[in-house]
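Subject: Structure handover

Hello,

Here is the structure you asked for. My notes on it follow below.

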Amino acid sequence: MTKIKYWLLATVMLFVLGACSKDDEPDPDFSVINMGNGEQNDFDKYLEKTFVDTYNIDFQYKMQDIESDMSYALVPASYENSIKMANLIKYLCLDAYEEVAPDGFLKKYFPKMFMMVGSAGYRNNGTFMLGTAEGGLKITLYMINSLDVTNVDRLYEFYFRTIFHEFSHILHQTKDYTTDFDKISAVDYVGGSWNDAWDAGESAAKGFISDYSSKETNEDFVELIAHYITNTPESWETKIAAAGETGRPIIEQKITIIKSYMKDVWDIDMNELREAIDSRAKKLDEQDLDNITIN
Ligand SMILES: [Zn+2]
């Protein structure tokens, strides 16, 4: 849509909503994203400046029906927890990448839309989804209303591994990794039956960092990245030690390829990224996540 059409739409909507008197000039910063929901509140203004203007990321917390999966009974995310999650994503994810990634990297490659959902996304079989993504571009995060900012492990498990996982899909879809990676576990991928193919610990012994890793190579690849950068060197060591004599060397072989790929293709040092995330996580309790700052 052209800029002129945006202007026309914005002007028409302002008129329809009666948001301003006829003497007001149209606001050049008026965002079309929140049209239809009335005027921008402070959080909307923060999102426009911090997410839209800086990174071209649309952060949706009002759960417009058109953007949510109506096959699930979903509850909207609370305003307060949406603010917390926006602050968290900025602090623990975007700013961590900013520390180690080349200029412009996030704006170019990071997923373009977040969608907050208050409740879990339950499936018919009683399990629930942690997050969903469509083509890597839009990430839906569930259970925002039970967000616990004091529990970093839970933050990683319920939200941030999903984000790192989906972001990493965009990277390999943009520039693929070496086929050497595909060969390592080629005979052990189980496809759609990853969910019930393994008893506890079995997938690790085969060299998978999670059961979901065993689905296929791309999932294996991004799961490894998501887990690696959300572990400390110590907790990572514990994890791969648990994979035993057979699993450990397989995981290490894959991580070596991933580190080279991330460095060579994206100029990102995986250990620096892990350190950036971990040092931020350790100072999480010092952060004011309840308030928004509009500079
Ligand atoms: Zn995936």
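Is Ala-86 buried or exposed in this model? Ala-86 counts as buried, because its relative accessibility is 0%. Please keep in mind that this is a predicted model.

Around Ala-86

Ala-86 sits in helix α3. Setting aside neighbours within four places in sequence, Ala-86 is in contact with Phe-43, Tyr-46, Leu-47, Phe-51 and Phe-59. Leu-289 is 203 residues away from Ala-86 along the chain, yet the C-alpha atoms of the two are separated by 8.5 Å.

Helix α2

Phe-43, Tyr-46, Leu-47 and Phe-51 are among the buried residues of α2, and the others in that list are Asp-44, Glu-48, Thr-50 and Tyr-55. What do the buried residues of α2 pack against? Their partners are β1 (58-60), α3 (79-100) and α4 (105-109).

The helix covers residues 42-55, which makes 14 residues. Glu-48 is one of the buried residues of the helix.

The N-terminal end of α2 is capped by Asn-41. In that cap, a side-chain oxygen of Asn-41 lies 2.9 Å from the backbone nitrogen of Phe-43.

From α2 into β1

Just after α2 comes Asn-56, with a positive phi of about 60 degrees. Asn-56 takes this value although it is not a glycine. The residue belongs to the loop between α2 and β1. Asn-56 is classed as partly exposed because its relative accessible area is 42%, which falls between the cut-offs of 20% and 50%.

Further on, Gln-60 lies in strand β1. Its side chain makes a polar contact of 3.2 Å with the side chain of Asp-58. Gln-60 has a relative accessible area of 9% and is therefore buried.

Met-143 is another residue with a positive phi of about 60 degrees although it is not a glycine. Met-143 is found in the loop between β6 (138-141) and α5. How does its burial compare with that cut-off of 20%? With a relative accessible area of 8%, Met-143 is under 20% and so counts as buried.

The zinc site

Which residues coordinate the zinc ion? The donors are His-165 (NE2), His-169 (NE2) and Glu-219 (OE), at 2.0 to 2.1 Å. Their spacing in sequence is H-x3-H-x49-E.

His-169 counts as buried because its relative accessibility is 8%. Glu-219, with a relative accessible area of 9%, is therefore buried as well.

Regards

Note on methods
Residues are numbered from 1 along each chain as its sequence is written. This is a predicted model: local features need pLDDT of at least 70, side-chain atom pairs count only at pLDDT 80 or more; totals for chains, interfaces and linings use all residues. Side-chain values use heavy atoms; hydrogens and water are left out. Helices (H or I, at least four residues) and strands (E, at least two) are DSSP runs, numbered from the N terminus. The expected span of a helix is 1.5 Å times one less than its number of residues. Buried means under 20% relative accessible area, exposed over 50%, partly exposed in between (1.4 Å probe, protein chains only). Contact means heavy atoms within 4.5 Å. A polar contact is a pair of N or O atoms within 3.5 Å; within protein, one must be able to donate a hydrogen and the other to accept it, and residues adjacent in sequence count only if both atoms are side-chain atoms. Donors are N, O and S atoms within 2.8 Å of the metal (3.2 Å for Na, K and Ca); water is not among the atoms, so sites may look incomplete.
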